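Thanks for coming, everyone. Please look at the sequence and the model on the screen.

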Amino acid sequence: MQESRARAVLARAPELSAALLQTLIEAGGGEAQRALERSIVRAVDLPAAARGFLTSPDEAAIAADLAWLDGSGARIMLCTDADYPPLLRETSGAPAVLYVLGSVAVLASAQLAMVGSRNPTPGGRDTARAFAAWFARAGLTVTSGLALGIDAASHEGALAGGGQTVAVCGSGLDRVYPAEHAALAAHIAQSGALVSEFPPRTAPLRGHFPQRNRIISGLSLGTLVVEAARKSGSLITARLALEAGREVFAIPGSIHSPVSRGCHQLIKQGAKLVEEAADVLSELRIPLSKELLTAIPTERDRPVELDKEYEMLLDALGFEPTTIDVLVARTHLPGESVASMLLILELEGRVTALPGGRYGRVSGA
């Protein structure tokens with residue numbers, strides 16, 4: 001119990017870097033409890049805030065942390081632990097401490113970060129799910145940030161593919177952010193891990209998310225950006241991946257789409273252009289299994305054939321969001337017919353309605 005308390009105290013100490021924590025633990029002979037001895041804390045050159053907390057910790061906060069750890073089954077992982085993620089350990093600014101809810105072993109598995117817009121197109125969301133499921137079946141763990149949009153779709157795809165996924169959070173693990181992802185977070189904890197460097201009861205503050213991004217990229221062999229605007233936080237993750245010597249991948253999109261411009265910018269800067277999931281595995285030198293190489297859609301999976309006019313409408317729709325007026329001009333069909341045909345295509349899952357009276361084709365339709 002004393003060792004657990006000591007780890008909780010070290011985890012909450014402000015301004016305690018991984019290097020300083022390692023010095024303390026080594027001075028304590030590898031034991032967290034001994035590292036808190038006053039003689040050792042005085043001997044190590046620590047920031048005043050860290051020294052003050054270690055010599056006089058907030059006992060109420062520590063007691064609450066221990067109660068949460070015991071009740072949730074979460075674990076505090078110090079950067080000196082043997083099972084601290086090896087790829088993350090290699091990065092500059094690696095966190096001194098991780099709180100982990102779920103599998104600790106999954107953090108050492110081969111991971112691919114998938115990130116992107118919080119407001120993706122329907123096609124982008126479908127692409128993220130499909131790619132993540134494919135990566136999961138290939139044996140990669142999909143790592144993302146539990147945010148709305150591409151992050152959530154990536155986690156969902158990995159789970160649907162029967163694989164593992166890691167969610168790195170910008171708040172304490174005792175609260176899920178965003179709240180609507182509570183069920184998804186619970187599923188991730190059962191089939192992977194939730195990770196945070198922030199102690200319990202930490203709110204999801206704006207500044208926490210760039211910090212979180214360095215963990216996402218640091219855990220992973222590479223980062224795939226699915227959709228991102230020019231000033232997207234996903235580009236921060238990509239930059240951090242490059243700085244850590246990891247691969248960066250980007251999926252191109254329409255030249256007219258704002259959420260494709262960040263990906264196009266990355267490709268101009270040297271990111272690998274990705275058209276299919278195999279492009280990523282090939283670059284990471286992860287072998288494809290025979291099952292994946294030979295996997296093709298069955299007849300049952302193939303969409304039902306459409307009447308000629310519906311096929312013509314889908315062809316006119318193309319792969320960029322379009323208004324009914326444009327479709328009428330392209331097909332020369334009556335506006336009422338186009339509207340009713342779009343409704344039917346939407347019910348069949350081939351088309352989706354978008355803001356501004358536009359319609360977009362669903363991936364695979």
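Start with helix α12, residues 233-243: its buried residues are Ser234, Leu235, Thr237, Ala238, Leu240 and Ala241. Buried means under 20% relative accessible area, exposed means over 50%, and partly exposed is in between, with a 1.4 Å probe and protein chains only. Helices (H or I, at least four residues) and strands (E, at least two) are DSSP runs, numbered from the N terminus.

Two notes on what you see. This is a predicted model, where local features need pLDDT of at least 70, side-chain atom pairs count only at pLDDT 80 or more, and totals for chains, interfaces and linings use all residues. Residues are numbered from 1 along each chain as its sequence is written, and side-chain values use heavy atoms, with hydrogens and water left out.

What do the buried residues of α12 pack against? They pack against β3 (111-115), α11 (208-219), β7 (222-225), β8 (247-250) and α13 (261-268). Contact here means heavy atoms within 4.5 Å.

Now the ends of the helix. At the start of α12, a side-chain oxygen of Ser232 comes within 3.0 Å of the backbone nitrogen of Ser234. That is a polar contact: a pair of N or O atoms within 3.5 Å; within protein, one must be able to donate a hydrogen and the other to accept it, and residues adjacent in sequence count only if both atoms are side-chain atoms. Just after α12, Gly245 has a positive phi of about 80 degrees.

Stay with Ser234. Its relative accessible area is 5%, so Ser234 is buried. A polar atom of the Ser234 side chain lies 3.1 Å from the backbone nitrogen of Gly116. Leaving out residues up to four places away in sequence, Ser234 touches Val115, Gly116, Ser117, Val225 and Ala228.

On a 1 Å grid over the protein atoms alone, a cavity is a set of points where a 1.4 Å probe fits but cannot get out; a pocket is an open set with protein on both sides within 12 Å along at least five of seven lines; lining residues have an atom within 4 Å of a point. Grid points are joined across faces, edges and corners, and a volume is the space filled by probe spheres set on the points.

By this rule there is one cavity of 30 Å³ or more. The largest cavity holds about 40 Å³. Its lining includes Leu146, Cys169, Arg175 and Tyr177.

The second largest pocket has about 320 Å³. Both α11 and α12 give two or more residues to its lining. The largest share, five residues, comes from α11. Of the 18 lining residues, Arg118, Phe209, Arg212, Asn213 and Gly233 lie nearest the centre of this pocket.

**Charged pairs**

How many salt bridges does the structure hold? The count is 14. A salt bridge is a side-chain nitrogen of Lys or Arg within 4 Å of a carboxyl oxygen of Asp or Glu.

Take Asp65 and Arg201: their closest N and O atoms are 2.7 Å apart. Asp65 lies in helix α6 (residues 59-72) and Arg201 in the loop between β6 (192-196) and α11, so the pair ties together parts 136 residues apart in sequence. Asp65 is buried at 1% relative accessibility, whereas Arg201 is partly exposed at 40%.

Next, Arg129 and Asp126, with closest N and O atoms 3.7 Å apart. Both lie in helix α8 (residues 122-137), three residues apart, about one turn of the helix.
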